[in-house]
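Please keep the sequence and the structure open as you read the points.

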Amino acid sequence: MNAAPAQAPDAKPLLEVQDLRVEFRTRRGAALVLNGVDFEIRPGETLCVVGESGCGKSMTALALLRLIPSPPGRISGGRVLFQGEDLVTASDATLRQVRGNRISMIFQEPMTSLNPVFSVGEQIGESLRLHAGLDARQARARAVEMLRAVGIPAPERRVDEYPHQLSGGMRQRVMIAMALACRPDILIADEPTTALDVTVQAQIFDLLRELQRDKGTAIMLITHDMGAVAEMADRVMVMYAGRVIERGSARQVLDAPQHPYTQGLIECLPALGSSQHDDRAELTEIAGVVPSIWELGQGCAFRERCRHALPRCAAEVPPLVDIGGGHAAACWLRAGDAAAEQAR
Amino acid sequence: MTAPLLAVEDLKVHFARAGRGWGRPPEVVKAVDGVSFAVARGRTLAVVGESGSGKTTTALAVMRLAPITAGRITLGDTDLGRLEGEALRQARRRLQFIFQDPFSSLNPRQRAGDAVRAPLDLMKVGTSAERTDRVAELFAQVGLRPEQQHLFPHQFSGGQRQRINIARALATQPELVVCDEPVSALDVAIRAQILNLLARLQRELGLTYLFISHDMAVVEHICDDIVVLYLGQIVERAPRREFFARPLHPYSVALMSAVPTVHGGRARAAARIQLSGDPPSPINPPAGCRFAGRCPFSEPACATEPPPLREVAPGHAVRCRRIDVVDGTPRPILQAQAV
């Protein structure tokens, strides 16, 4: 069945994020787009971050490397501890040593995140020259090696080509080669396969898994596809309106989701095999849309769309409480259960 | 089966491209190369395939928005391919299009109500007062509030914008609605709302859908029949239940096995049939089977003889020489691992 996670469960975390807050200054005042996000990434594991657009997934990733457009945005609180250093307060020089070297990132759009006027070899080699001190010739040789590692045919020829000469799948492989060139400890992948066909997506996922196995890289995968989560994740973190609303191991979250939002995300999509048994049932809907940052009010941000909303949900934000075995959810329905459990 | 509403026979859409260099002949991109299918009234035909397979070009040709190189497209008794000028313009009210991207397919400076009203004005449907009533009715049908007619597109979410697109497509009471990936640009949580809406409208209005998608789970949910395209040709055509119970063409099987599922998880990923590389170029497609270069089951003959699309079971046609029919039942050469 499932391969055991590459690390011991109690391994020391590589990266610890504590109470991370990000606000954007707007004409209507400060908007808190991340509100007390806590999580950790352990060596060699895959953490999937799930949620709809606007829930803070990409913002979390950007905040880790202090890449939030500033102004108007800024990190207004919290810590990002990486190897004992707080990246929120670290100097720019330190951050440059971390970005693209110890922690690297793959962006969603392979077309716009590659520079059209440099060959892919030059772009892969750039970080190697900067971080590993290689000269141009060594960097090129290493770039060829990386292209081969990510499964691009004829890498000696491709290394001198430009992004427009490559297909979408190949561009995403180039992005991965770039991100992995310096053998980072952590790879952040922000919806790396959204723009790609399923067959290419399958190739990219296989590639990520293989590279993780060989090099022990921890992966933070941002996605909205629960199928992808099931395939890739060791642990899952579900976000909604700038907060973590559920987290746990992949099996805990997928097999027994506790937050109504997580349940909705899993139920709302048609599953393969529907033609064989049902009489074309209606799909379960999550009503409504993600509220804007100004409509959050006091209580749980999901209450307007929730099937089980209680009076208490409108008054107080539910805390993220552990419901056993590292599985936690932020919902008053579960908070009651957890309290009862503790009383017993 | 009753006479189909839409019949496409041997459709070809070729685009000429300037040759590379002096004196070289122009290259021809064979985007759609001999595609035939039919859709019965009130049913949904899904067209699936990877990018570059020709699915959107097929849809555009049906809409008469792409040049038809050869072949015949009929809608009811009308030969769509032959219509020109005013007759074609009038026929357009019978077929409408829902685009993939709800952001770029609405004019940012046009109010939502005006966008839905535009086709009525263009086609001079009814009096001005009747058009106003019709717009209100359409808004109600797609689940928007009447006062939202006065808002601009940027004031709507992606899902609501797709509802406006649907209302606009339905304005002229079309018979055929071509949906080009109508949910793939939407958030997962919103997709179910739009899919349920499309299903309800089909039930209520008797619409016929040509549904273009690459998402096999969505297609399985919504279609009645399915056509799989690869490099401009149909490689498999079957009714929904038969196809999803037992896809026959190696490409269809690979496509199905590539879909990640919540319950399959890593076991399914490990059992996956790997396709290597990208599809070949539609400029110079391979002489034999177009899939042979990526097919794990190709034999030497596959590379030289183009396989015909042959019917192996009632309504189930496949373009692969390696599918045997034993006692009237087709035998798949490979089976996706049941997970």
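1. Met105(A) has Ile188(A) of strand β7(A) as its bridge partner. Four bridges join β6(A) to β7 (residues 186-190) of chain A, and the two strands run parallel. Strands pair if DSSP finds at least two bridges between them. Strands (E, at least two residues) and helices (H or I, at least four) are DSSP runs, numbered from the N terminus.

2. This is a predicted model: local features need pLDDT of at least 70, side-chain atom pairs count only at pLDDT 80 or more, and totals for chains, interfaces and linings use all residues. Residues are numbered from 1 along each chain as its sequence is written, while chains are lettered from A and ligands numbered from 1 in the order in which they are written.

3. Which way do the residues of β6(A) point? Ile103(A) and Met105(A) point one way, Ser104(A) and Ile106(A) the other. All are buried (20 or more other C-beta atoms within 10 Å of the residue's own, with C-beta atoms placed from the backbone). In a regular strand, side chains alternate between the two faces of the sheet.

4. Now the chain contact. On chain A, 38 residues are in contact with 38 residues of chain B (C-beta atoms, placed from the backbone, within 7 Å). Helices α7 (198-215), α8 (226-232), α10 (260-267) and α11 (274-277) of chain A each give two or more residues to the chain A side.

5. Chain B has domain 1 (6-230) and domain 2 (247-339), with bounds from an automatic or database domain assignment. Their C-alpha centres lie 29 Å apart. The contact takes 11 residues from domain 1 of chain B and 12 from domain 2 of chain B.

Methods: Contact = placed C-beta atoms within 7 Å. Buried ≥ 20, exposed ≤ 12 C-beta atoms within 10 Å, placed from the backbone.
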